[in-house]
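Hi there,

Here is the structure I promised to send over. Have a look when you get a moment; my notes follow below.

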Amino acid sequence: MARPLRLEYPGALYHVTSRGNGRSKIFRSDKDRTTFLTILAAVIQKYNWQLHAYCLMDNHYHLVVETPDGNLSRGMRQLNGVYTQTFNWRHHTTGHILQGRYKAILVDKESYLLELCRYVVLNPVRAAMRDKPDDWLWSSYRGTAGLSSVPEFLTTDWLLVQFGKRKNQSQSRYRAFVLEGITRESPWKDLKDQIILGDAKFVDTFKLLLKDRSQEIPRAQRLLARPTLPTLFRNTKNRDERNRLIHAAHMAHGYTLSAIARHLGLHYATISKIVKRVNEKK
C-alpha cells in the first residue's frame, strides 16, 4: 500500500493527526500531555512552525500547523519520535505507541483556517468528554479565548485579528464563534480526495504540485492531478494520436474504459481493443 501524501512547500498549512496504536491511549496522564507540549514547543522553535490550534485527546491529538520553511516531515519525525521514546521510558513499555504515520491534510488558509481551528478545539465537546470547550485544559481554546495565558508556542494573532482589532473584543467574538460551531457540520464534508481542504482555485494549484512524481502518492490522490478527458483529447489530430491518448487516459491517468468510451462516443469493447493493441506495440 502506498504511503500517505507528504507534499511540502514553504507556507503550507496542515491539519495533522496522530493516533494511538490499536486505539490505545497515547496520554495516560496530564504529565504525559505536559511532556508532549514541551516537546512540541521545542519542535516549533527549531523548525520555525506556526501553531494555530491544537487539542490533545486521550488516544490521539490534533494540530493546525503552518510551515513557513516547508518542513513538516522533519518536524513530525522529531515530535513523534521523541515523544514515543519518552512515553516508553516513563511507562516501561517498548515499541510503537502511534498507529503508523501521522495524517496530514493540506488546508487552504484563507477559506478554511478559521473553521478548522474551531473544529479542533471542539473535539472534547463532540466526544462528550466536556460540556464546553473552556472546560478542557489541553487545547488552544483557553489561550486564544483569553481565559488563560497564551503558551509561547501558540500563534493567536492571525486568528484573533479576523474578529476585530481590539484584543478583548476579538477574544469575545472568537468565543462566540467557537460555541456556534457545536451545532455546525464539520469542515470535512468539503474534503477533496482525503488530502485537501480548500476551494476550487486552491485545489487547482495543488493539482500542479501533485505532478511531482518523485513523491509516493496513493492512486486515489494522484488522480486529482490528471487532465480532464476533454482536455486530454482536445488536440487529437488523427486516429493513431487518438489511440495513443486512449491508452494514456486508461494506463497513465486511471480513467475507466467505460468513461473513455462515453466521452468519445465509442463502444466499451472498442476502447478495450485499442488499449490492448497499443500495449502490444510497446
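A residue is called buried when its relative accessible area is under 20%, exposed when over 50%, and partly exposed in between (1.4 Å probe, protein chains only). The model is predicted, so local features need pLDDT of at least 70 and side-chain atom pairs count only at pLDDT 80 or more, while totals for chains, interfaces and linings use all residues. Residues are numbered from 1 along each chain as its sequence is written, and side-chain values use heavy atoms, with hydrogens and water left out.

Let me start with N88. With a relative accessible area of 13%, N88 is buried because that value is under 20%. N88 sits in helix α2, residues 72-91 (helices are DSSP runs of H or I with at least four residues, strands runs of E with at least two, numbered from the N terminus). Beyond its neighbours within four places in sequence, N88 is in contact (heavy atoms within 4.5 Å) with T93, T94, G95 and I97.

R184 lies in the loop between α7 (167-180) and β5 (196-197), and is partly exposed at 48% relative accessibility. Setting aside neighbours within four places in sequence, R184 contacts R118 and R126.

Now the cores, meaning sets of buried Ala, Val, Leu, Ile, Met, Phe, Trp, Tyr and Cys residues joined through side-chain atoms within 4.5 Å. The largest has 64 residues, and Y174 is among those with the most contacts inside it. A second, separate core of 15 residues includes F233, I246, L257 and A261.

Best wishes
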